[in-house]
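Biologist: Before we discuss the model, please take me through the terms that describe it, one by one.

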2 protein chains.
Amino acid sequence: MPRVAGTDGFMFNHTMIRVKDHNASLKFYQEVLGMTLIDTYPNDDFTLYFLGYDHGGDSVKSGGAANREALIELTHNHGTESDPNFKGYTSGNEEPNRGFGHLAISVPDIEAACARFESLGVPFRKKLTDGRMRNIAFILDPDGYWIEVLPHGFKP
Amino acid sequence: MPRVAGTDGFMFNHTMIRVKDHNASLKFYQEVLGMTLIDTYPNDDFTLYFLGYDHGGDSVKSGGAANREALIELTHNHGTESDPNFKGYTSGNEEPNRGFGHLAISVPDIEAACARFESLGVPFRKKLTDGRMRNIAFILDPDGYWIEVLPHGFKP
């Protein structure tokens, strides 16, 4: 299908969320979800971390983080990780702060993926066996953002 | 780089945001940003719309919306578009509701892309000429979510 004129080459590059503790979040997105840290941009007051899945070939680093899709940008404002007065971030799913909902990953074997998350101690918002839909789950990242887990080929 | 064990085949499938008026949002994401509507899942109380960029080949529809990366899921709770008491959604960028930050698209010619957005009457949060960074812009979607526009090959 041809693109709308003026939008050739547009890519959905990334989704940005703020994180309280960069170490906890980098560990989660790399070691639990299996993403690769592609670029880090330190600034005086904050640091930006770009992560995404390595699908082999040149997909990860060719041309820098701006030249591919499906990245997550973690914004860490320095100091929040150790500030006792920092209240944390909102997930976007609670009134009156609703808006953003979740990130979602799709996986080839959802039973195996969820069993592994359980073994790693990842908190679940919805296990496969909860509720009506038995083929999707929701886990929580270190800030409480919802991450949907759904199988390849999923149809609601 | 090999994946962490247990995460082979994982993909960053989508980012979900709630939208007040599905017609306004579908028009924006398709006609302004140039995404393709890939799947629609109607329910009694809400409808889910999955959109993403068509990069040719089988990328858009092979195996359904769950078998690719970089989609956006728009959740429309029926009735919000005409409910005078509906207060709208939060963008995630204002205190005390901070958390989610923005979506980002990368484009081959950022001057042309921003000139086109201006000609379409899209509101800007940051034009190219605003502030220090002259090679990124932020536009607003119909709900006020921030969308960063950055050039291919961008480096902060």
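Modeller: About 5400 Å² is buried between chain B and chain A, with carbon and sulfur atoms giving 54% of that area; buried area is the accessible area (1.4 Å probe) that two parts lose on being put together, summed over both. This is a predicted model, in which local features need pLDDT of at least 70 and side-chain atom pairs count only at pLDDT 80 or more, while totals for chains, interfaces and linings use all residues. Residues are numbered from 1 along each chain as its sequence is written, chains are lettered from A and ligands numbered from 1 in the order in which they are written, and side-chain values use heavy atoms, with hydrogens and water left out.

Biologist: What makes A:Glu69 and B:Arg68 a salt bridge?

Modeller: The closest N and O atoms of A:Glu69 and B:Arg68 are 3.8 Å apart, and the term requires a side-chain nitrogen of Lys or Arg within 4 Å of a carboxyl oxygen of Asp or Glu, so the pair qualifies. Between chain B and chain A the count is two salt bridges.

Biologist: Why is A:Cys114 called buried?

Modeller: Buried means under 20% relative accessible area, exposed over 50% and partly exposed in between (1.4 Å probe, protein chains only), and A:Cys114 has 6% relative accessibility, so it counts as buried. B:Cys114 is buried as well, with a relative accessible area of 5%.

Biologist: How do you know that the two copies are related as by a two-fold rotation axis?

Modeller: Superposed by least squares on the C-alpha atoms of residues with pLDDT of at least 70 in both, chain B can be laid on chain A with an RMSD of 0.0 Å by a turn of 180° and a shift of 0.0 Å along the axis. The two copies are therefore related as by a two-fold rotation axis.
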